[in-house]
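Hi,

Here is the structure I promised to pass on.

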Amino acid sequence: MEDIIKSMINGNNRYQWEILQENQKIGIDHIIPKYPLLILTCMDPRIDVHRIFQLELGDAFVLRNAGNQYTEDALRSILIAVHENNVKYIVVLGHLDCGMKKVRLDKLKYKLNSQTLKQIGQYSTNYQFALQRFFKTFVDEITNIHNQVDRLKMTIGIPSEIKVIGMLYDPSTGWIFPENEFKKYSSYVSFMHNYQKLLQQKRMTHIDFLETIESEIVGTEPLELGDINEKSETVEILDEIAEENEDFNLKAETVTEVEYRDLQQILKKNAEVIEKSMNIVSKIQIPKIFIPKIRVHIPKVNLYKKED
Ligand SMILES: [Zn+2]
């Protein structure tokens with residue numbers, strides 16, 4: 001246990017180093033998130049809420065508990081988010097393979113002390129029901145999302161113009177299924193029955209999506225087989241950088257220490273990018289593969305001190 005705490009503190013020390021290195025600004029000026037969005041999700045450690053939606057720190061409110069449940073405490077935070085922080089969208093993000101499905105109450109109750117059991121309702125007429133109501137276990141992830149969405153929609157304190165949307169996450173593939181994609185499946189079983197087909201559809205539409213961001217991720221021109229043997233753009237850039245580097249070394253004494261460090265970093269980064277792309281080029285066998293267009297920015301740093 002001690003080791004975990006130690007590695008957390010060490011992690012923070014590294015984080016501080018990162019801040020120093022990258023001259024990062026950690027503080028986000030606003031408390032209200034950038035998007036009027038609140039995500040209620042499970043505490044499952046495989047869900048990296050920000051990463052799976054490519055959100056940034058400060059973009060949304062995130063509430064987590066076991067099983068992405070509508071609880072009194074979740075409602076407390078939701079009401080504050082809606083009425084005090086202008087949240088307009090609530091996403092209930094459930095996931096496949098949820099641990100809450102596997103909790104066995106008949107075994108769990110023996111692990112709890114008498115005081116806790118009493119608090120849960122040990123002496124109530126329907127003890128089993130009291131246990132279930134307290135822990136909010138469920139047997140079906142899909143039904144559970146539908147239920148939580150319905151409960152939020154029915155909550156009088158949440159104005160009707162607030163959009164409540166269910167989403168399903170698959171931790172094994174990273175895919176998100178928005179409500180319209182799984183709504184027609186009333187249960188986990190019927191969803192899983194169609195899962196491979198749904199995944200296939202996802203992959204097909206993903207190809208269309210990739211085309212829309214093609215310029216971001218790949219070059220715009222397909223590589224011809226002959227290109228590999230010719231002196232490529234990459235190699236030219238590499239030469240250019242080598243030249244710059246030489247020039248830089250010659251005049252290094254006129255560069256300040258900070259500039260020197262920055263330049264070294266930039267040159268190192270450039271070299272890494274090029275090395276990576278060279279590896280990709282060398283692995284290509286199929287002529288129709290798209291090759292990333294490498295954009296290497298040679299730093300426009302004033303290497304020489306101007307003479308007045
Ligand atoms: Zn879960």
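A definition to start with: two strands count as paired if DSSP finds at least two bridges between them. Strands (E, at least two residues) and helices (H or I, at least four) are DSSP runs, numbered from the N terminus. Residues are numbered from 1 along each chain as its sequence is written. Keep in mind that this is a predicted model: local features need pLDDT of at least 70, side-chain atom pairs count only at pLDDT 80 or more, and totals for chains, interfaces and linings use all residues.

Overall, there are 14 helices and five strands.

I'd start with S4. Strand S3 (residues 89-95) pairs with S4 in the parallel sense over seven bridges, and Val91 sits opposite Ile165 in S4. On S5 (residues 176-178), S4 runs antiparallel, with three bridges; there Met167 has Pro178 as its bridge partner. S4 and S5 make a hairpin with six residues between them, and Gly174 in the turn has a positive phi of about 85°.

Is S4 enclosed or open? Five of the seven residues of S4 (residues 163-169) are buried, so the strand is largely enclosed by the rest of the structure. Buried means 20 or more other C-beta atoms within 10 Å of the residue's own, with C-beta atoms placed from the backbone.

Cheers

Terms used
A residue is buried if 20 or more other C-beta atoms lie within 10 Å of its own, exposed if 12 or fewer, and partly exposed in between; C-beta atoms are placed from the backbone.
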